[in-house]
Amino acid sequence: MEWTKHAIWWHLYPLGFTGAPVHGWDGESQSDLHRLNRIEKWLDYALELGASGIALGPIFESEKHGYDTVDYYHVDGRLGTDEDIDSLIAAAHSRGLKVMFDGVFNHVAQSFPKFREALAEGPDSEAAGWFHLDWSGDEPTHRNFEGHDELVALNHESPHVQQYVVDVLSHWLERGVDAWRLDAAYAVPPRFWAAVLPKVREKHSDAYFLGEVIHGDYDRIVSASTLDSVTQYELWKAIWSGLSELNFFELSHALERHNGWLDAFVPATFVGNHDVNRIASVIEDERHLLHALVVLFTVGGMPMIYYGDEQAFRGIKEDRVGGDDEVRPEYPETSEDLAPYGWPVFRIHQELIGVRRRNPWLYSARTETLELTNTALLYRVYADDNSMTVALNLGDDAIDYPVQGDDVLAGEAHLNGGRVSVPEHGWAVIG
């Protein structure tokens with residue numbers, strides 16, 4: 001999959017992005033509103049940003065937030081119609097943008113037809129085998145996802161479930177989807193993916209499969225599951241906490257571990273997504289927000305930019321109904337309606353993505369820490385005969401280090417006689 005080496009994703013949560021109702025929705029179709037068409041209007045913005053693909057959160061028919069799927073073969077009526085998603089895929093491809101879908105195959109909604117069929121037909125039915133049902137009480141109970149009873153866990157040992165997922169993945173790949181994010185992949189036995197994905201790849205060898213994995217042995221999970229990659233949550237955590245707590249030792253350690261995973265696969269890297277606090281909210285010192293972006297775009301990996309982060313959106317998750325709303329906001333009709341304060345951050349994204357585009361070897365590059373204190377980090381990024389140096393300064397004084405390279409590729413620094421000086425709270429990429 002040569003195309004993955006150049007992939008940079010703009011990641012959207014469609015229900016939030018388009019202003020579709022999530023809370024208090026009565027389940028009636030709103031397909032005549034064609035909200036997916038709003039995303040189509042933003043494709044040129046994604047190109048301007050520097051993205052090569054759009055990663056869509058759930059678009060399938062669901063009960064509430066999209067991660068409680070009812071029908072994997074049809075677009076959620078709040079977003080539009082199946083024809084609307086076909087149009088969006090075609091519009092993206094016409095611009096050279098890849099499209100990633102979000103598939104939730106660990107669990108389904110209680111109104112998922114097979115679950116209703118299982119409850120109606122009893123423990124000896126074929127449908128009952130799709131789930132983990134306990135029939136010993138007055139009413140059957142089911143295994144759920146992380147204590148959320150409305151999310152019914154699938155039985156991943158069932159050959160019917162395995163074939164169903166093969167069919168769903170293949171169906172949308174045949175309709176033009178290029179990649180899949182597999183939600184809660186960490187909760188699914190790796191042997192399930194190992195049974196499913198090779199069958200899909202028989203006809204779709206160029207498809208890319210990214211598993212959502214929060215913690216664990218990434219290398220082992222990728223190897224056992226045959227996934228192409230997983231989400232690099234460990235690096236995400238080290239970036240925001242290292243910058244917030246003025247502790248570059250944590251980030252340096254995470255980059256060393258990141259090197260190890262790059263020996264086996266290329267992780268999907270990010271500083272924000274639909275499940276975490278906004279990076280601009282957790283890094284309280286605004287001067288250090290850009291340092292997070294520098295790391296994202298200079299280390300090995302497949303970068304994913306969560307919509308709004310490129311405009312320095314703020315947002316904090318809360319443990320309550322609607323607690324995700326701040327990190328899943330509606331976007332305006334056009335980019336002209338965005339607040340002016342976000343555009344400087346957008347332009348830094350463009351600058352750093354430009355550096356990455358001109359140095360595609362960064363996709364699988366390793367890092368080496370050269371200088372390290374709590375508030376200063378100098379690291380070399382390298383692959384084969386290529387290299388560049390990144391300097392990050394969180395302190396109140398300028399830093400001065402020996403460095404290879406004679407050009408400041410991005411940021412602010414002074415080069416003199418094989419040394420680089422970076423101002424207080426500054427950063428630079430040197431090549």
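**Exercise 1. Find what joins strand 16 to strand 17, and work out how the two strands pair.**

Solution. Start with the link: a hairpin of three residues takes strand 16 into strand 17. Strands here are DSSP E runs of at least two residues and helices are H or I runs of at least four, numbered from the N terminus. Next, the pairing: residues 366-372 and 376-383 run antiparallel over six bridges, where pairing needs at least two DSSP bridges between the strands. Leu372, for instance, has Leu377 in strand 17 as its bridge partner.

A word on the source: this is a predicted model, where local features need pLDDT of at least 70, side-chain atom pairs count only at pLDDT 80 or more, and totals for chains, interfaces and linings use all residues. Numbering runs from 1 along each chain as its sequence is written, and side-chain values use heavy atoms, without hydrogens and water.

**Exercise 2. Describe how helix 12 packs on helix 13.**

Solution. First the geometry: the axes of helix 12 (residues 289-298) and helix 13 (residues 343-358) come within 9 Å and cross at roughly 25° (axes are lines fitted to C-alpha atoms, for helices over the stretch in contact; angles run from 0 to 180 degrees between N-to-C directions). So helix 12 is roughly parallel to helix 13, the label for angles under 35 degrees. Then the contacts (heavy atoms within 4.5 Å): residues of helix 12 including Leu293 and Phe297 meet residues of helix 13, among them Ile348 and Leu352.

Key:
Angles under 35 degrees count as roughly parallel, over 145 as roughly antiparallel, 65 to 115 as roughly perpendicular and the rest as oblique.
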